[in-house]
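User: Hey, can you walk me through this one? I'd like the overall picture, then whatever stands out.
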Amino acid sequence: MTGPSLAWADAYATAGLVLGLDRGGSCRGMAFKVEAEDAKPVLGYLDERELVSYAYRRRFLPVVLAGGPVRAFVYVADPKHSQYAGRLSPERTVELVVQG
């Protein structure tokens, strides 16, 4: 999990919590197939969107789809980043999520 989203918050004091993939974690979501000739511009767009503060790292990891396992690019939390919030107490995590 990463910490307060400063890119989208009006002020640090009212920033909510952005939830993201962390080491050992998993989630249910969607995967999109991108044709090889479109890969570079699509990754450029995604990097621009997801790496605003570099709180995430792009990784090429195994994912499980309905049709079986594949490898895909994913964005995972960087525990060395100053906004990393994976060490917050459960109570503080809930406060930040509720704060929005």
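User: What share of the protein's residues count as buried?
Analyst: 25% of the 100 residues count as buried, meaning under 20% relative accessible area, with exposed over 50% and partly exposed in between (1.4 Å probe, protein chains only). This is a predicted model, where local features need pLDDT of at least 70, side-chain atom pairs count only at pLDDT 80 or more, and totals for chains, interfaces and linings use all residues. Residues are numbered from 1 along each chain as its sequence is written, and side-chain values use heavy atoms, leaving out hydrogens and water.

User: OK, and which pattern does the protein follow along the sequence?
Analyst: The pattern is α-β-β-α, with 2 helices and 2 strands. Those are DSSP runs numbered from the N terminus: helices are H or I with at least four residues, strands are E with at least two.

User: Switching to Leu-96: where is its place?
Analyst: Leu-96 is in helix 2 (residues 90-99).

User: Buried or exposed?
Analyst: Leu-96 is buried, since its relative accessible area is 5%.

User: Which residues does Leu-96 touch, not counting those up to four places away in sequence?
Analyst: Leu-96 touches Ala-15, Gly-16, Leu-17 and Leu-88; contact here means heavy atoms within 4.5 Å. Ala-15 is 81 residues from Leu-96 along the chain, yet their C-alpha atoms are separated by 7.5 Å.

User: And how much of the contact set joins residues at least 24 apart?
Analyst: 44%, among contacts between residues at least 6 apart in sequence.
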